[in-house]
Amino acid sequence: MISVDKAVVARLKSKGMNFEILVDPRKAFEMKKGANINIQDILAYPAIYKDARKGEAAREEDLQKTFGTTDVFKIAEDIIKKGEFSLTTEQKRELIEEKKNQIANLISKRAINPQTNTPHPPQRILNAMESAGVNIDPFVDAEVQIEKVLKAIKPILPIKFEKVLLQLKIPAEYSGKAYSVITKAGEVKNEQYLGDGSLQVQIEIFSGVQDEFFRKIAEITKGNYESKVLKKVEV
């Protein structure tokens, strides 16, 4: 639960009346987009106000008339989903920085420097974003903004998206734990269990996550596995 001093006002005007609640801006926005979040984790205080900043509570008869209930949590969900809320300059800045970091981390994991065939560190991507003056929308999903960011930073930073097709052979005793990591890392193209019980699998992943992927597999298998790159594809 967010503290009252860091919360923002979400409001809904209906039937000539004003209804307000104090919410966590990040979580409220996620709920507005359709995320399944417990309303109790969003509200700073379980109350419906006529004027939140003055602490003036809405009348129960007005709540019943407008929402058909006096249940604070049901009404709060309605206000978030149908109403609007605004951010302070500092809150918006924090959300923008958070979104920038998300985008930089995603690009770092998926892209490589074609000059060295190694990933760009997130900070290098953030620096390029700053130099390019990229405008980031704190309320738009990071995935959606990647293409725009790439177009902006390509003149500054040598960068390309590349996938690799890997073939791994995992000893039988490690195959269960390893398989869980493998399926989360990328797209499994082929898999089979060999005569000795070992798992042979082909998986396509972004080049940028290759080192981290091998580190996890080595940790699980204590380094007892085989791997080779079958193909590299620019995407």
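# A tour of the predicted model

Begin with the largest pocket, which holds about 230 Å³ of space. A pocket here is an open set of points, on a 1 Å grid over the protein atoms alone, where a 1.4 Å probe fits, with protein on both sides within 12 Å along at least five of seven lines. Grid points are joined across faces, edges and corners, and the volume is the space filled by probe spheres set on the points.

This is a predicted model, in which local features need pLDDT of at least 70 and side-chain atom pairs count only at pLDDT 80 or more, while totals for chains, interfaces and linings use all residues. Residues are numbered from 1 along each chain as its sequence is written, and side-chain values use heavy atoms, with hydrogens and water left out.

**Stop 1: the pocket lining**

Select Lys 109, Val 181, Lys 184, Ala 185, Val 209, Glu 212, Phe 213 and Lys 216, which line the largest pocket; a lining residue has an atom within 4 Å of a point. Helix H7 (172-185) and helix H8 (210-221) are the elements that give two or more residues to this lining. Helices (H or I, at least four residues) and strands (E, at least two) are DSSP runs, numbered from the N terminus.

From H8, continue to Lys 222, in the loop between H8 and E10. Lys 222 has a positive phi of about 60° although it is not a glycine. With a relative accessible area of 67%, Lys 222 is exposed. Buried means under 20% relative accessible area, exposed over 50%, and partly exposed in between (1.4 Å probe, protein chains only).

**Stop 2: strand E10**

Select Val 233, found in strand E10 (residues 226-234). Its relative accessible area of 29% makes Val 233 partly exposed. Leaving aside neighbours within four places in sequence, Val 233 is in contact (heavy atoms within 4.5 Å) with Phe 161, Glu 162 and Lys 163. A distance may also be drawn from Val 233 to Asp 211: the two are 22 residues apart along the chain, and their C-alpha atoms are separated by 17 Å.

**Stop 3: strand E9 and its partners**

Strand E9 (residues 199-206) has 6 of its 8 residues buried, so it is largely enclosed by the rest of the structure. Which strands pair with E9? Strand E7 (residues 160-170) pairs with E9 in the antiparallel sense over 8 bridges, and strand E8 (residues 187-193) pairs with E9 in the antiparallel sense over 6 bridges. Two strands pair if DSSP finds at least two bridges between them.

To locate these pairings, select Lys 169, whose bridge partner in E9 is Gln 200, and then Tyr 193, which stands opposite Leu 199 in E9. The hairpin of E8 and E9 has 5 residues between the strands, and Gly 197 there takes a positive phi near 90°.

**Stop 4: helix H5**

Asn 117 has a positive phi of about 60° although it is not a glycine, and is partly exposed at 46% relative accessible area.

Within helix H5 (residues 122-132), the buried residues are Ile 125, Leu 126, Ala 128 and Met 129. Seen down the axis of H5, these residues fall within an arc of 160° (taken from the directions from the helix axis to the C-beta atoms), so they line one face of the helix. The face turned away from the buried side carries the exposed residues Glu 130 and Ser 131. The cover over the buried residues of H5 includes helix H4 (89-110) and helix H6 (142-153).

In H4, select Lys 100, which counts as buried at 14% relative accessibility. Not counting residues up to four places away in sequence, Lys 100 touches Leu 126, Met 129, Glu 130 and Ile 136. Finish this stop at Gly 133, which follows H5 and has a positive phi near 65°.

**Stop 5: the nonpolar cores**

A nonpolar core is a set of buried Ala, Val, Leu, Ile, Met, Phe, Trp, Tyr and Cys residues joined through side-chain atoms within 4.5 Å. The largest has 23 residues, of which Phe 19, Ile 21, Val 23, Ile 42, Ile 48, Ile 79 and Ile 80 touch the most other members. Strand E1 (8-14), strand E2 (17-23), helix H1 (25-32), helix H2 (60-67) and helix H3 (72-82) each supply at least two residues of this core. Apart from it lies another core, of 18 residues, among them Ala 111, Ala 128, Met 129 and Ile 153.

Last, select Phe 19: beyond its neighbours within four places in sequence, its contacts include Leu 12, Ile 48, Leu 63, Phe 67 and Ile 79.
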